[in-house]
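Subject: Structure handover and notes

Hello,

Here is the structure I promised to pass on to you. Please open it alongside this email, and my notes follow below.

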Amino acid sequence: MNSVEQMYKKSKDITIFCKAYFDYLYQLLNSLDLQAIEKIAVEFENARVNRNTIFVVGNGGSAVTATHMANDLGTDIMKKSGTDIPFSVHALTDNTAVMLAVANDDGYERIFVNQLRIHYRSGDKLVAISASGNSPNVVIAAEWVKERGGVVMSFVGFNGGKLKEVSDIVVHVKSNPGGIWPVEDIHMILNHLLANWLNTEFMRKYR
């Protein structure tokens, strides 16, 4: 039984469940490696200055986080800051036709790496998002970028899985296995935290 199921079992009503869920998120947030988050912010800013692309991958809820990150770091910061050198963030989760073609022809595990083979250039970076850290298509993409000397940053949960071993920088939500939603909650918080910080820093430095 994962932590969320335990909370539900102990809760007489939704208000008690809410309190337990929020407390659990607070506990997980306080266990994060803040230096890892700082390193990711530095890598993002380096990518912007050097006009490199940040690719983002993930499955299911993590795919939505990847799309959200591309919007917040790319379009949203460009709109708010008015910069002529915006963050170039490309979610490889967004082209349904390409993903289905690759899945049908070469296998679902290659839906991200085949896109990287087309778009990746030296100096580009990868953000890999996976609660388990073991999604084959995400791990294969991370290994491919790492083999080419690229920086791999990951958002993981549970025990970190294979992705934790492959990545250069890891933000690890150290949760109990099976409770995927709190992990995804925190991954989205990390997206918003980074976007807010980078936008504010940009405005402070360049305007």
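Helices are DSSP runs of H or I with at least four residues, strands are runs of E with at least two, and both are numbered from the N terminus. Two housekeeping points come next. This is a predicted model, in which local features need pLDDT of at least 70 and side-chain atom pairs count only at pLDDT 80 or more, while totals for chains, interfaces and linings use all residues. Residues are numbered from 1 along each chain as its sequence is written, and side-chain values use heavy atoms, with hydrogens and water left out.

**Aromatic pairs**

Rings of Phe, Tyr and Trp (for Trp, the six-membered ring) count as a pair if their centres lie within 6.5 Å; planes under 30 degrees apart are stacked, over 60 edge-to-face, and the rest tilted. By this rule there are two aromatic pairs. One is formed by Phe17 and Tyr21, a tilted pair with 5.9 Å from centre to centre and 45° between the planes. Phe17 and Tyr21 are about one helical turn apart, because they are four residues apart in helix α2 (residues 14–30). Tyr21 is buried, with a relative accessible area of 14%; here buried means under 20% relative accessible area, exposed means over 50%, and partly exposed is in between (1.4 Å probe, protein chains only).

The other pair is Tyr120 and Trp144: the ring centres are 5.5 Å apart and the planes are at 85°, so this pair is edge-to-face. It links distant parts of the chain, with Tyr120 in the loop between α6 (113–119) and β3 (125–130) and Trp144 in helix α7 (residues 136–147), 24 residues apart. Tyr120 is buried at a relative accessible area of 9%, and Trp144 is buried at 13%.

**Helix α3 and what follows**

At the start of α3, a side-chain oxygen of Asp33 comes within 3.0 Å of the backbone nitrogen of Gln35. The buried residues of α3 include Ile37, Ile40, Phe44 and Arg48. The charged end of Arg48 sits over the ring of Phe87, 5.9 Å from its centre; the rule asks for NZ of Lys or CZ of Arg within 6 Å of the ring centre and within 35 degrees of the ring normal.

After α3 comes Arg51, in the loop between α3 and β1 (53–57). Arg51 has a positive phi of about 60° although it is not a glycine, and it is exposed, with a relative accessible area of 61%. Phe158 also has a positive phi, near 50°, and lies in the loop between β4 (151–156) and α8 (161–166). At 16% relative accessibility, Phe158 counts as buried.

**Nonpolar cores**

A nonpolar core is a set of buried Ala, Val, Leu, Ile, Met, Phe, Trp, Tyr and Cys residues joined through side-chain atoms within 4.5 Å. The largest core has 37 residues, and among those touching the most other members are Ile40, Phe44, Leu73 and Phe155. A second, separate core has 22 residues, including Leu92, Leu116, Ala142 and Val166. Back to Leu73: not counting residues up to four places away in sequence, Leu73 touches Phe44, Phe87, Val89, Leu194, Ala195 and Leu198, where contact means heavy atoms within 4.5 Å.

Asp94, in the loop between β2 (88–91) and α5 (96–105), is partly exposed at 44%. The Asp94 side chain makes polar contacts with the side chains of Thr67 (2.5 Å) and Thr93 (3.1 Å). Leaving aside neighbours within four places in sequence, Asp94 is in contact with Thr67 and Met99.

Ser135 sits in the loop between β3 and α7 and counts as buried at 18% relative accessibility. Its side chain is joined to that of Ser130 by a polar contact of 3.3 Å.

Best wishes

Methods: Polar contact = N/O pair within 3.5 Å; in protein donor to acceptor, adjacent residues only side chain to side chain.
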